[in-house]
Amino acid sequence: MKFPGSVLVSLVLFVSETVAALCLSGAYRAAGDRMWQWLTLLFALLPCALVQLSLVFIHRDVSRDRPLVLLLHLLQLGPLVRCVEVFYIYFHAGRVEEPYVSITKKRQMPKDGYSEEIEKEVGQAEGKLCTHRSAFSRASVIQAFLGSAPQLTLQLYICVLQQEITAARSIFMILSLLSIVYGALRCNILAIKIKYDDYDVSVKPAAYLCIFMWRSFEIATRVTVLVLFSSVLQIWILPVVLVNFFGFFFYPWILFWQSKSPFPENIEKALSRVGTTIVLCLLTFLYAGINMFCWSAVQVKLNDPDLINKSQNWYRLTVYYMLRFIENAFLLLMWYIYKTDIYLYVCAPLLVLQLLISYCMAILFMLVFYQFCHPCKKLFSSSISEGLLSCFKFLCFVCKPHKSTILADKAEVKSSERTDESWGSCKTIDSQKGNPHQSVSSNA
């Protein structure tokens, strides 16, 4: 049985970031910065409440008679109780013989074109630990992109305005960045396990390292670009954020309405139609929050029973990173044009170059992960290099004028030339025939 290390890491990041946010908000209150105090508390408590809600929903505590656990969740102590329960199950597993076990069938990764199916006995303790790991993974994603990402953006914005980085603020920003990167990493692992649920997936340390570097460069660059742009154009950052957020929020719903599929009813039997709608809205809300800062490895598909698009779409990945790179470059250009005196001692061209190179480094680590370190790369219908090559060929084909258009233009030019030649020859014949009045006068 695997050690529940992911649960412990999630809990440590959750508790340390919440405590740091409370301490920093107290420091803002002592300094008289009421607005920064309330914003810091909002970005700390809102994801905390959503984490409690997700843990209660996944474990189905509402339909079970567990009033003490529900009370602790209301007191925002749910992750602590769940972690204690996880380690109690882990250390007591194997001491008492379980009354029954379930048998799961998983297929191994193909070797030489063959894939063997392996049966594995899963006891009650291991099944409960698997449920807890899944719950904490989802809670880490919620904490990262609905709390830590806005929190990191806010604190970096305050540092730029005040031109000061305090020790408490720097520690808090480091914790927030680690929480976001860890949440993105868990999102990648969740996407792999959901897409390839029939296979026994084992992620190697090299894959974890590639994902960590990829997400670190991508998220740090994105947050810095947004902060720089908002520091000089405070009003214009609002439409940028709203277009990004609502574009990704409504995109799954638009695809769902275009498919004309029936409304999904199999999410949770205890939920009514209104409750199912609320859950789907929260899911697309989280999806939009993730895509605001980085590529969402999990693509929401509302007309699928698992609510996840399991196909590997290289075109969507390519379009996302191309558009995001163009957007970041445009925002940096606007910052460079309208930068104020607070950036007097900053080498602006060097900073722009560093940020663009950092984003390119994120793309490079992403390519390395999908090409060499992905645990299920043998199951890809095409590799990332082949997919990108086909994407670029498609874009070149769209941008390049079609051959039929060129032939039609040439035919039109030739026909016009022939018309001009025939018109000129007719004029020559008329001039040779001459006007009879002119010939009589000339003979006279």
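Residues are numbered from 1 along each chain as its sequence is written, and side-chain values use heavy atoms, with hydrogens and water left out. Because the model is predicted, local features need pLDDT of at least 70 and side-chain atom pairs count only at pLDDT 80 or more, while totals for chains, interfaces and linings use all residues.

The protein chain contains 14 helices and two strands; helices (H or I, at least four residues) and strands (E, at least two) are DSSP runs numbered from the N terminus. Of its 444 residues, 41% count as buried, where buried means under 20% relative accessible area, exposed over 50% and partly exposed in between, with a 1.4 Å probe and protein chains only. Contact is taken as heavy atoms within 4.5 Å. Among contacts between residues at least 6 apart in sequence, 74% join residues at least 24 apart.

Helix α1 (residues 5–31) holds Ser-6, and Ser-10 also has its place in helix α1. Ser-6 counts as buried because its relative accessibility is 18%, and Ser-10 is buried at 8%. Apart from residues up to four places away in sequence, Ser-6 touches Arg-133, Tyr-182 and Arg-186. With neighbours within four places again set aside, Ser-10 is in contact with Phe-136, Ser-140 and Tyr-182.

Helix α5 (residues 124–162) meets helix α7 (residues 205–232), their axes coming within 9 Å and crossing at roughly 45°. Axes are lines fitted to C-alpha atoms, for helices over the stretch in contact, and angles run from 0 to 180 degrees between N-to-C directions. The two helices are therefore oblique to each other; angles under 35 degrees count as roughly parallel, over 145 as roughly antiparallel, 65 to 115 as roughly perpendicular and the rest as oblique. On the α5 side the contact involves Leu-152, Thr-153, Leu-156, Tyr-157 and Val-160, which face Val-223, Thr-224, Val-227, Ser-230 and Ser-231 of α7. This contact comprises six nonpolar, four polar and no charged residues, with Ala, Val, Leu, Ile, Met, Phe, Trp, Tyr, Cys and Pro counted as nonpolar, Asp, Glu, Lys and Arg as charged, and the others, Gly among them, as polar.

Helix α7 also meets α10, with axes that come within 9 Å and cross at roughly 35°. Here the crossing is left-handed. The residues of this contact divide into 13 nonpolar, two polar and five charged. Among them are Trp-214, Arg-215 and Glu-218 in α7, and Tyr-320, Tyr-321 and Arg-324 in α10.

The loop between α9 (273–293) and α10 (314–338) contains Lys-310, which counts as partly exposed because its relative accessibility is 36%. Beyond its neighbours within four places in sequence, Lys-310 is in contact with Ile-194 and Lys-195.

The whole structure has 20 aromatic pairs; rings of Phe, Tyr and Trp (its six-membered ring) pair if their centres lie within 6.5 Å, and planes under 30 degrees apart count as stacked, over 60 as edge-to-face and the rest as tilted. The rings of Phe-369 and Tyr-370 form an edge-to-face pair, because their centres are 5.2 Å apart and their planes stand at 65°. Phe-369 is buried at 1% relative accessibility, and Tyr-370 is buried at 7%. Elsewhere, ring pairs link Phe-248, Trp-295, Tyr-320, Tyr-321, Phe-325 and Tyr-359 into a cluster.

How values were computed: Left-handed = near helix turned anticlockwise from the far one by under 90°.
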